[in-house]
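Have a look at the sequence and the model, then read on.

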Amino acid sequence: MNAPAAAEIVVERLQKRFGRFVAVDEVSFEVGRGQILGFLGPNGAGKSTIIRILCGLLRPSAGSVRVDGIDVSRDPEAVRQRIGYMSQKFSLYADLTVAENLRFYGGIYGVRGAALGARLRHALDIAGLAGREQQLAGTLAGGWKQRLALGCAILHAPHILFLDEPTSGVDPLSRRRFWDLIHDLAAGGVSVIVSTHHMDEAEYCNRIALISQGRLIALGSPGELRRHALGGVLMRVEGHPLERLLERLRGFPATRDVAVFGNAVHVLLDAAAADDEAALRAFLAGQGVADVHVDRAEPSLEDVFVQLVGAQPREREAVR
Amino acid sequence: MKLRRVRAIALKELLQTWRDPRSLMMALLVPVMQMLLLGYGVNLDIQHVPVCTLDEEGSFFSQALLKRFQASRYFELVEALKRPGDIAGAMDQGRCRLALVVPADFSRTIAQTSHGTLQAIVDATDDNSAALATAYANAVIAGFSANVQAVAMQRQGLPVQPPALVVQSRVWFNEDLESRNFIIPGVVALVLALVGAQLTSLTIAREWERGTMELLVSTPVTPMELLVGKLAPYFVIGLLDAGICLAFALVWFEVPFRGAFTTLLVTTSLFLVVVLSMGYLVSVTIRSQVGASQIALLLTVMPISLLSGYAFPIDQMPAPIQAITYAIYARYYVTILKAVFLKGSGLAALALPVLALVAYAIALAWLAARAFRKRIE
Amino acid sequence: MDAVVRASGLAKRFGGVVAVDGIGFEVSHGEIFGLVGPDGAGKTTLLRMLAGVMAPDAGAASIDGIDVVAAPERLRERISYMPQRFGLYEDLTVDENIRFYAELFEVPPAQRRERAARLLAASAMEPFRRRLAGQLSGGMKQKLGLTCALVHAPRVVLLDEPTTGVDPLSRREFWRILYALRSEGVTLLISTAYLDEAERCDRLALLQDGHLRFCESPAELRARMPGALVEVASTSPREVRAALAPLAGVRSVLLVGDGVHVHVDNAARVPQLEAALSERAIAFDAARVVMPTIEDLFVALLGPGAQAAA
């Protein structure tokens, strides 16, 4: 299912400049039919610029974007009809009912008559809102609101769905239910692009595009990124006091980065160091730090993010 | 109360006002604009009323009468009409507000009967100026007819006697009867109330709206420190505005100033305490900038322009309205301003309105200090 | 241990909605205590009551032995509260903001300069001292907020969702400062809606619908996980789910990016899962027991069907 045989979105060497500022710099990727791609990156990395270009709202400075085989810069209107958009700050009308909200968005996308009735039922089913058609949107609980927003975004049966931080701050149960929905939609052939900087949202994506300073710095499945992108081994060292431990670990030759994490210290070691665990223990013993507990830690997506993005010079923040 | 915290708040407030173009404009431009607008715009005198004439006689005599009108600064002859039918058109199109019709037998009738009739048609759309124009026209004609009588009597060899009873009006305090002199001192009150209440009405509401209040209430700052720190900069700005208004009044409009500056300073300070506390009170209560600013506007401009007596004399209002004006804090300040400017009254002579202002200042400052609670609900 | 923060039976309602319903806990000296839960769980209300900016309807709380409800003003100098919304003046510069708060807390100028320099250096904010706060990025705003909150050297710091909207890089820097504070003996209460962030706290209060469901360390919480979590990497996750969901001992199957997470009642079920997949000829890379995340725990302990021991 994940084989990107029929690529829905093909982005080639996309570039966008605002004056002398390069917002998107030679970015290429593909999203296959039914795939969920996560755009992960700090604020101002260029995520929203790319999404605006994909939606046909901005013209690229160079490179090409094809959606369903249509060149976005040639025919943005045709592309827009195939796109659904939903964000955490999605604008639902609190004083309209569930059905009225759906109908309103149907109207915007020109869905009418018999088609509207069928789509409405479909959206209500998918969002699990059947039976709540007459409830005011403002009185829905957080998770329901989110699903109504999704229902509105898919009312015109888009081929591509953009989600902007769709589940930040939502309770975990609602979040899981929501992502189940997204996976269902993807299984039905909808290609999904998620823009976020929440790692827990990224975990649900088939592939993750890590974006920083307008550049694509890593692309892979969450597992691939966790295992390979770090280019090192993450160790968890427990001991007391943490400050002294931190200091000593900085002196270990293979150490790339050290940071306190809860009641332990996380140490990132160069992958080259052969038997890291034993070597690290021996080193600490030699430094007079005994009574420590050392084991390998599974790097999180956040570790990957921080290492890869942090390795880049942060000139942009200073400029902006 | 810790002076250090008051100073920190005042300094912050000044910085924010300085960096906010809207506040800055409000503080510095509004006084100038109001002064010019009201100084020139609200002028209850009529001058240069456009007059059309229809001289059906065309004699030396009739022309002498019309020249009298021309000589008066209240009138200006703009057009000589040919036919009676032209009058309505000229008036409809606003070419004139008064039409004088001299009948064809004007001088003959006077010579025969020593009574003449002259028709004056007034555009009374604005009844106030119509009444004034009529009165001025009567005065011009009365002067002319007195002249005519004297000439006639001399001709008949009769001694010329002055009229038995002559009203000799003497105008005090505003000798040249300029309504500008009457209005401009009052504009100071309007400006201070407008600027003072507007600026302070935003200060607390802004903190709520921008989310800075939650942090502020978690600091050791006391409600009193907050009040003083927030109002101090606007007090200074208010005095500055009063200075701007005063300069305009004295230098630009040449309004006489006969009182003592200290009297003005003391009473202006009192008035500022009243309006600033009121703005603060509104701000604490309303918590939204737009809402607070509108309420502040409602509490200042409307009652002050209508009921403070700055332009419309209170003693000419119906009794129930007059009663209401006692509740308008600005009425006392306007009374004081006019007295200080035009009569040169001192504090002793103004004891009553000054005491009323003191009472208002104490009451509002007390309410404002109590209104703010260090809680979020 | 000496409890610095004590709360018992705290309750607050807004109209008909119960925001906080009888919550009590203790926080020890030098601890990072996390208030964790989704939006609307009552985190903000709880922190506001502890900070003495909102009066509780019922219950008692004290910080450093001072009654928060009866004497909030005596509390001010000892605590620092950083509200959820950026509470600084966007039209003042970084330095002006710091100075304003230092003055309100009557910090001597020399001390202020020394502390501001140290805090700004720690948060890589030195080059931005003269920039208007409104022109800072989200992460820098939060770091400025923290700097202002710390300029009077409080003993207890209450932070309401300080890392919301902050990217992971700035978030790490933020936590580095928090850990440095902890090592200086400062007690920290921090609320977060990001469950992954909860791992960084010494102890957690898991909140749901205004109730305190669990209050313990991440490790203790993890030990409560009934059964085990098995990750099955596969390119056909839907088929994996269909095959595994009906099996005995499988509590739930969650689709994630590159496979599924299977919650089983016992780690010993792994061979059974593998057998079921092989039997149906469903391709998969590996099935291995993984550490549950706080989110997994939240769902397992507080989701439907869980015997919430609250």
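Chain A has twelve helices and 14 strands; helices here are DSSP runs of H or I with at least four residues, strands are runs of E with at least two, and both are numbered from the N terminus. This is a predicted model, where local features need pLDDT of at least 70, side-chain atom pairs count only at pLDDT 80 or more, and totals for chains, interfaces and linings use all residues. Residues are numbered from 1 along each chain as its sequence is written, while chains are lettered from A and ligands numbered from 1 in the order in which they are written.

| Feature of chain A | Value |
|---|---|
| Box filled by the C-alpha atoms, along the principal axes | roughly 80 × 45 × 40 Å |
| Buried share of the 320 residues | 42% |
| Share of contacts between residues at least 6 apart in sequence that join residues at least 24 apart | 69% |

"Buried" means that 20 or more other C-beta atoms lie within 10 Å of the residue's own (12 or fewer is exposed, in between is partly exposed), with C-beta atoms placed from the backbone. A contact means that the C-beta atoms of two residues, placed from the backbone, lie within 7 Å.

So who touches whom? Two pairs of chains are in contact, and chains A and C share the most contacts. Here 41 residues of chain A meet 36 residues of chain C. Several elements of chain A give two or more residues to its side, including α8 (222–229), β12 (255–261) and α11 (301–310). The biggest giver is α6(A), with six residues. By type, chain A's side splits into 18 nonpolar, 14 polar and nine charged residues; Ala, Val, Leu, Ile, Met, Phe, Trp, Tyr, Cys and Pro count as nonpolar, Asp, Glu, Lys and Arg as charged, and the others, Gly among them, as polar. Chains A and B, on the other hand, have no contact, and their closest C-alpha atoms are 19 Å apart.

Now for the insides. A nonpolar core is a set of buried Ala, Val, Leu, Ile, Met, Phe, Trp, Tyr and Cys residues joined through C-beta atoms within 7 Å. The largest one has 181 residues, and B:A189, B:V274, C:L50 and C:L189 have the most contacts inside it. Helix α7 (residues 179–209) of chain B gives the most to this core, with 17 residues. Beyond its neighbours within four places in sequence, B:V274 is in contact with B:Y329, B:L357, B:Y360, B:A361 and B:L364. Apart from that core lies another, of 85 residues, with A:I53, A:L185, A:L210 and C:A287 among them.
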